[in-house]
Amino acid sequence: MLIGVISDTHIPDRAAELPEAVFEAFRDVELILHAGDLTSPDVLSDLETLAPVECVQGNMDRRYGIDNPRSRVFEIGAYRVGLIHGEVYPRGDTQQLRYLGLELGADVLISGHTHQPFITELEDMLLLNPGSPTVPRLTDPSVMILEIDGEKLDARIIRTGAPVCRSLNFRR
C-alpha cells in the first residue's frame, strides 16, 4: 500500500494553499494520513480528491474548533501504524514519542508538530514525521511517502519546495 503522509499544513492561517508539489507527490497514493494542524477542514477536501484521508487533531486545530481524534491506529500489512500530532516538549523528543507509541501498541508512529521531517529507527519502533509542506522550520518544505507491502516498509521524505524563512516574509 502506498501512503501519503502530511502534517502541519496550517491553511489558511499561515499559508494560502497546499503547494502543487504535494498533489504531484501524492498522485499514486491509496491513503493519506494527516498528523494534524490542518486549521481548516478544506485541506481534507483538497486531499480527498487524491485518496481517502485519515486525520488526527493538532494543537492549533483545537483553537479553530476542528474536532478530530487525538490518535488513530491502523493495521497495514504486518504493521500497526499509530498516528498522533506529537505534542511533546521538547518538540520531537524521541523518548516521549516512543512512550506514546507504546501506549498505542504501534510498530510505526507517525507524528507532526515539529515542522521538521525525520525518520528515526528505534530498537522497537519506527518514528516518522513528514515535516510541513507549507511552514517548515529551518528545513525544506516536505511530505512523506510510506510504502508498506506485507512485512516490507519503506519511508521517503519528499521535498515540496525551496527553504523559506518566514521571518523575512514582508507580504504580511
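**Working through the model**

Tutor: Aspartate 93 counts as partly exposed because its relative accessibility is 23%; buried means under 20% relative accessible area, exposed over 50%, and partly exposed in between, with a 1.4 Å probe and protein chains only.

Student: Where does aspartate 93 lie?
Tutor: Aspartate 93 sits in the loop between strand E5 (79–84) and helix H4 (94–104). Helices (H or I, at least four residues) and strands (E, at least two) are DSSP runs, numbered from the N terminus.

Student: How are the residues numbered, and what kind of model is this?
Tutor: Residues are numbered from 1 along each chain as its sequence is written, and side-chain values use heavy atoms, with hydrogens and water left out. This is a predicted model, in which local features need pLDDT of at least 70 and side-chain atom pairs count only at pLDDT 80 or more, while totals for chains, interfaces and linings use all residues.

Student: How many helices and strands are there in the chain?
Tutor: The chain has four helices and 10 strands. Its radius of gyration is 15 Å, close to the 16 Å that the globule rule gives for 172 residues, so the chain is as compact as a globular protein of that length. The radius is taken over C-alpha atoms, and the rule is 2.2 Å times the number of residues to the power 0.38.

Student: What share of the residues counts as buried?
Tutor: Of the 172 residues, 49% count as buried.

Student: New topic: how many salt bridges does a search of the whole structure find?
Tutor: The search finds seven salt bridges, where a salt bridge is a side-chain nitrogen of Lys or Arg within 4 Å of a carboxyl oxygen of Asp or Glu. One of them joins aspartate 140 to arginine 159, with the closest N and O atoms 2.9 Å apart. This pair links distant parts of the chain, 19 residues apart: aspartate 140 is in the loop between strand E8 (126–130) and strand E9 (142–149), and arginine 159 is in strand E10 (residues 152–159).

Student: Is arginine 159 buried or exposed?
Tutor: Arginine 159 is exposed, because its relative accessible area is 52%. Aspartate 140, at 26% relative accessibility, counts as partly exposed.

Student: Which residue forms a salt bridge with arginine 80?
Tutor: Glutamate 75 does, and the closest N and O atoms are 2.8 Å apart. Glutamate 75 is exposed, with a relative accessible area of 57%, whereas arginine 80 is partly exposed at 30%.
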